[in-house]
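Visitor: I would like to learn how to read a few features of a protein model. Please take them one at a time.

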Amino acid sequence: MARHDFDPATVMPDERQAAKERLFDPSLPGPWRGHIAGELLGASNTILAYGNDTPGEGPRLHVHPYDEIFIIVQGHARFFVGDKVIDAEAGDVVLGPKGVPHRFENLGPGRLQTIDVHLSPRWLQADIQDGGNEIMASS
């Protein structure tokens, strides 16, 4: 099916060139595989690759000043987004709205692999510990 959602004549290219960066080295161990800041590509989104093989493990509770979109590439995850609990599996997409604390964990069995899209040219995050009593900023 051919798509014609807009008139291509109305879109003028900007000065950016095609770009490539390496997101992660698949031979390296560890859950945090890598990230590409959108500003490196001249783009407005930052991409992270996360994966682990251990049920129950995942990133700590944190919050961003922008939306985050999680694409589950492999496995099963449980997301805690504000007061909602969302179970997701490979092929699903989950939204973490800006300003809403969230985390997720591997439900198993096997590997959980996600691609996380931060709707920001830079990765900005505040980690929340001890029920929100301590906040640590990271970027």
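Visitor: Are F70 and F104 buried or exposed?

Guide: Buried means under 20% relative accessible area, exposed over 50%, and partly exposed in between, with a 1.4 Å probe and protein chains only. Both F70 and F104 are buried. This is a predicted model, where local features need pLDDT of at least 70, side-chain atom pairs count only at pLDDT 80 or more, and totals for chains, interfaces and linings use all residues. Residues are numbered from 1 along each chain as its sequence is written, and side-chain values use heavy atoms, leaving out hydrogens and water.

Visitor: How many aromatic pairs does the structure hold?

Guide: Rings of Phe, Tyr and Trp (its six-membered ring) pair if their centres lie within 6.5 Å; planes under 30 degrees apart count as stacked, over 60 as edge-to-face and the rest as tilted. The structure holds four such pairs. One of them joins Y50 and F104 edge-to-face, at 5.3 Å centre to centre and 90° between the planes. Y50 lies in strand β2 (residues 46–52) and F104 in strand β8 (residues 102–106), 54 residues apart. Strands are DSSP runs (E, at least two residues), numbered from the N terminus. Y50 is buried.

Visitor: Which residues do ring pairs link into a cluster?

Guide: Y50, F70, F79 and F104.

Visitor: Where does the charged end of R103 sit?

Guide: A charge sits over a ring if NZ of Lys or CZ of Arg is within 6 Å of the ring centre and within 35 degrees of the ring normal. For R103, the charged end sits over the ring of F80, 4.1 Å from its centre.

Technical notes
Helix = DSSP H or I, 4+ residues; strand = E, 2+ residues; numbered from the N terminus.
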